[in-house]
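Please open the structure in a viewer and keep the selection tool at hand.

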Amino acid sequence: MSTDTPVKDDKPRRLEQSNPDYDPNIVVEAQNLTKVYRDFWGRQKVRALQALDLEIKKGEIFGLLGPNGSGKSTTIKLLLGLLFPTSGRALVFGKDASEVSKNERIGYLPEESYLYKFLTAEETLDFYGRLFDMPAKVRKERVNALIEKVGLTWAKRRQLKEYSKGMTRRIGLAQALINDPDLILLDEPTSGLDPLGTREMKDMIIELRDQGKTVVMCSHLLADVQDVCDRIAILYQGELKELGRVDSLLKVSDETQVLAKGLTPEAYDDIRAAVAKHGGEVLGIDNPKSTLEDLFLDIVRESQARPGHRTSRADGSSD
Amino acid sequence: MVVEEFPNFLEWVGPGLLLLLGISVAGAILGIFLGYVVASFKHGPFEAFYVVAKVISEAIPDAFGTSPRRILAIARLSIKEAMRRRVILVTFAIFAGALLFGGWFMNAGSDNPDQIYVNFVLWGTQLLILLMGMLISAFSLPEDIKNKTIYTIVTKPVRATEIVIGRIFGFGALATALLALMALISFAFVWRGLSHDHEIVDSQKVSAFYDIDPETRLSNRGKRVSPNAIKAAETTFESGHRHRVELVEDIRKPDEKQPEDTSNIVSQTIGPDGQIIYHRVIVIPTAGHTHRVTINGTGDDATVELGPATGYFRARVPVYSDGIQFFDRQGAPNKRGIDVGKEWGYRGYVDGGSRLAPNSLSKADFMFSDFDASVLGDETILPLEMSLGVFRTYKGDIEKRVIGSIQFESVPEDPASQNRFQSDSIVFETNEFQIQTLPISRKQPGRLIAPDGSTIEQGVFDLFDDYAKNKKLNLVLRCEDYNQYIGVARADVYFRATDDLYWANFFKGYLGIWCQMMVVIAMGVSFSTFLSAPITMLATIVTMIVGFFTPFIRTMTQEDVAGGGPIESLFRLVTQKNMEVTLETGIGTTLMEQSDNLLVGGLSTLTYLAPNFAQMNFADFLTYGYSIDSQRLLVAIALTLAFCFGLSILGYFCLKTREIAK
């Protein structure tokens, strides 16, 4: 990910100056954030978000988890100013979410890539670059770097209407990164991507975090969230049900896991005996299984390295 | 041509700006009030105050933060989007189809084919371009919101101003390009449709013309020929008409003015009394035009060559008076002339007296305050054009036209001490329904009158150097027939200066359409920030209708109409009371009248909010061949800018305060 062309360096300072309460380590803050959808006559239709209090720190990957209709997208839309809160506040970089200036440092990938289908990839990125008031030279460099980064160089002059869903997601991500944002909001980032694309997307999210950027993503694909997120919030019917670090939330404190290599079946009995001696109970001893994702990725990589050869697993069982 | 307004930009702009300021202030107050009411429902009355204050306080940084690059980016996107919709293509296809087949239905041989052609292309272009402007602008933003493509725009540092102005610019640029193309094609269509050539049937030789019987003075088609025609011939039938070509005998005394155009002279001989006898070939005008004649050779070998049509494609430059003043039979000033009953109110009438009261003092004074030789091209003959209405109280000899007269008077600064010039009356026959031209000699016989009314000197005086020495001139129009009336309006009598370039005038006419188009696009974009696409279209159409009929609606709301306003009228309909019946006084009637006043007041206000398209419509100028003066153009452009500005602000606040996502 190319980050050599920051849009404007003085922005954090300016924001700090304009808001004395602004803590640069808190990128996103929701205070009692509530959203009620109403019909034309003002009658309450649905309470999409209920008094959400949240702080997202600089440099973390934050996941919003929940089933459909739990308020994940509503939260993101409130943070972006696409929706106005019924009560409470949403602050981004210490500024109210409805302020346009905050968008200078934000990148947003919507749930579906709502892009103009009649533009080519190059035109799309150039257009969004213009919206950031980028000079032509900078714009051109960033457009080329991002198209290469998301692997669409071969299709950069094709209209988006000819793109597959995965390709559209990639260009959607590229447009979210056009301004080298400090905060990236990703709505279902892996939806529509094949396993390879999913892995690349996840790698890219981690890479962004490593560059010091803050990523907020919402998803209902739990594995993806588990793989990349540092902290998560679980929402259900508009209410915050759980909030914390992924590793501590998933840790099963009363179970122990030992990973060993090169043991024979006879050694299993010794292990069982040792566990029994310490008053423990063996829940199972087995060979660990690779994930289907790892298997799929291995096959694809091998096929890329040796075109024309049928790949086979080490134990001799082929597909 | 009916001209009711004679705008002067510098005089217009001051009150215009005040009106704009008034509307802006009223709009701002109304907007704040409505915003507060809506916010109160959503957030409660106290929080609403902060919400409204926040929106207002953010408007200024938003205005300063507006970036031309972002506006251009959105404009470019709008152009691409509109191109993709193919509305432009369809519009152009309809236009091209109309021109391709429209020519079949236009009669180039009618009385004024140029009017028919120009009218056709102008109205066609206007209708199509306004419709197209409305379609591309009304659907764009609602579609963006529906498709959610707007999400990726508003989450960038894009101000609502940029979204609104960018769209107006983009659609405006595209529609301008299309309009320019349509204007060029229209011009070519009119030009090609009307240009044609004739030849003389059978032989081009003058000697082959047939003789005119001096007794009957009829052509071989039985038409009356010119009084001095001695031979005639006919041209070929082209573009639905043919002309009669006549060889006329033009006898002039040696001290008389000799013909300026010598190209159509076949022979020139000296008569027995020393007078010069010219034999000239002329083409009798048909279908609103004639052709230039060139004679090649002399005597029996002389042949006639007819040039292209002349008389079409005029852009007359009228020098109007600065005001018209009517006087009644007693000579008292009168605003609208003599009342001749329920006639069209555009013209005022002057009467010619009657046998019982022959000395009517009724007249119409046209006051020129800048009557200068430089304005009228320093010519010796000044063409005075008139299009008069006639109101006859008896038919009499229907062939006989009503007689009128004009007279020139100087306007001394101090009539009590300064002498004044007064010309002799120039008597003419009125030619109603047509523009008639009186060639006025610069040297006018008349007299110099002392302040006490006595004649100091009689003689021939110069219109510019004597009569209008102080650049002020009074033209007096009278009716000279008993019991007949001549109707006239300010725009009906004018001196004609050198014509403007026709093509330049043609494009000025299209500039008027451009102004209307830009206002429609701005309306479409602005309304679509808070309305759905079909409702936006409906709102734009309603505003357009109000705009086109602004003068009518305004008159309707300002005049006291018998039968009351809409509610009272409905009441009268239901209770079967006619317009003249006085309603019983009481609370009900008062309530009805007050409600009507409120409705009529609202309608009147609406006419000030809706663009007055009549001020941007120059179709009549082109159709009737008048130059569009720069003052009118400036007013139209200023109005367009004002509306685009106002509508952009409306669009900004509506887009800023609406939730983009649902």
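This is a predicted model: local features need pLDDT of at least 70, side-chain atom pairs count only at pLDDT 80 or more; totals for chains, interfaces and linings use all residues.

**Stop 1: α3 and α5 of chain B**

Begin by selecting residues 68-85 of chain B, which form helix α3, together with residues 113-147, which form helix α5. At what angle do these two helices pack? The angle is about 105°, and the axes lie 11 Å apart. Because angles of 65 to 115 degrees count as roughly perpendicular, α3(B) is roughly perpendicular to α5(B). Now display the side chains at the meeting point: B:E81, B:A82 and B:R85 belong to α3(B), and they meet B:I136, B:F139, B:S140 and B:E143 of α5(B). This contact comprises 3 nonpolar, 1 polar and 3 charged residues.

**Stop 2: α3 and α7 of chain B**

On the α3(B) side, the residues in contact include B:I71, B:I74, B:A75, B:S78 and B:I79. On the α7(B) side, they include B:I163, B:G166, B:F169, B:G170 and B:L174. By class, the contact of α3(B) with α7(B) has 12 nonpolar, 3 polar and 4 charged residues. B:E81 and B:A82 of α3(B) take part in this contact, and B:E81 and B:A82 also meet α5(B).

**Stop 3: α4 and α5 of chain B**

Next, select helix α4, residues 87-102 of chain B, and show α5(B) again. Their axes are 10 Å apart, and the packing angle is about 165°. α4(B) and α5(B) are therefore roughly antiparallel to each other. Their crossing is right-handed. Among the α4(B) residues in the contact are B:V87, B:I88, B:I94, B:F95 and B:L99; among their partners in α5(B) are B:F120, B:V121, B:L128, B:M132 and B:L135. How many charged residues does this contact hold? There are no charged residues here, but 12 nonpolar and 3 polar ones.

**Stop 4**

Rolling a probe the size of a water molecule over the atoms shows where empty space is left. The model has 2 cavities of 30 Å³ or more.

For the largest cavity, select B:N112, B:D114, B:Q115, B:V118, B:F313, B:R314, B:Y502, B:L622, B:T623, B:Y624 and B:G625, which line a space of about 70 Å³. Which helix gives the most to this lining? The answer is α5(B), with 3 residues. The lining consists of 5 nonpolar, 4 polar and 2 charged residues.

For the second largest cavity, of about 40 Å³, select B:L122, B:Q126, B:G509, B:G512, B:I513, B:Q516, B:M616, B:N617, B:F618 and B:A619. Here α9(B) gives the most, with 4 residues, while α5 of chain B also supplies at least two. The lining has 5 nonpolar, 5 polar and no charged residues.

**Stop 5: a pocket**

Finally, turn to the second largest pocket, with a volume of about 1100 Å³. Select A:T256, A:Q257, A:V258, A:G284 and A:I285, which lie nearest its centre among the 23 lining residues. The lining of this pocket is made up of 13 nonpolar, 5 polar and 5 charged residues.

Technical notes: Residues are numbered from 1 along each chain as its sequence is written. Chains are lettered from A and ligands numbered from 1 in the order in which they are written. Side-chain values use heavy atoms; hydrogens and water are left out. Axes are lines fitted to C-alpha atoms, for helices over the stretch in contact, and angles run from 0 to 180 degrees between N-to-C directions. Angles under 35 degrees count as roughly parallel, over 145 as roughly antiparallel, 65 to 115 as roughly perpendicular and the rest as oblique. Contact means heavy atoms within 4.5 Å. Ala, Val, Leu, Ile, Met, Phe, Trp, Tyr, Cys and Pro count as nonpolar, Asp, Glu, Lys and Arg as charged, and the others, Gly among them, as polar. On a 1 Å grid over the protein atoms alone, a cavity is a set of points where a 1.4 Å probe fits but cannot get out, and a pocket is an open set with protein on both sides within 12 Å along at least five of seven lines; lining residues have an atom within 4 Å of a point. Grid points are joined across faces, edges and corners, and a volume is the space filled by probe spheres set on the points. A crossing is left-handed if the near helix is turned anticlockwise from the far one by less than a right angle, and right-handed if clockwise.
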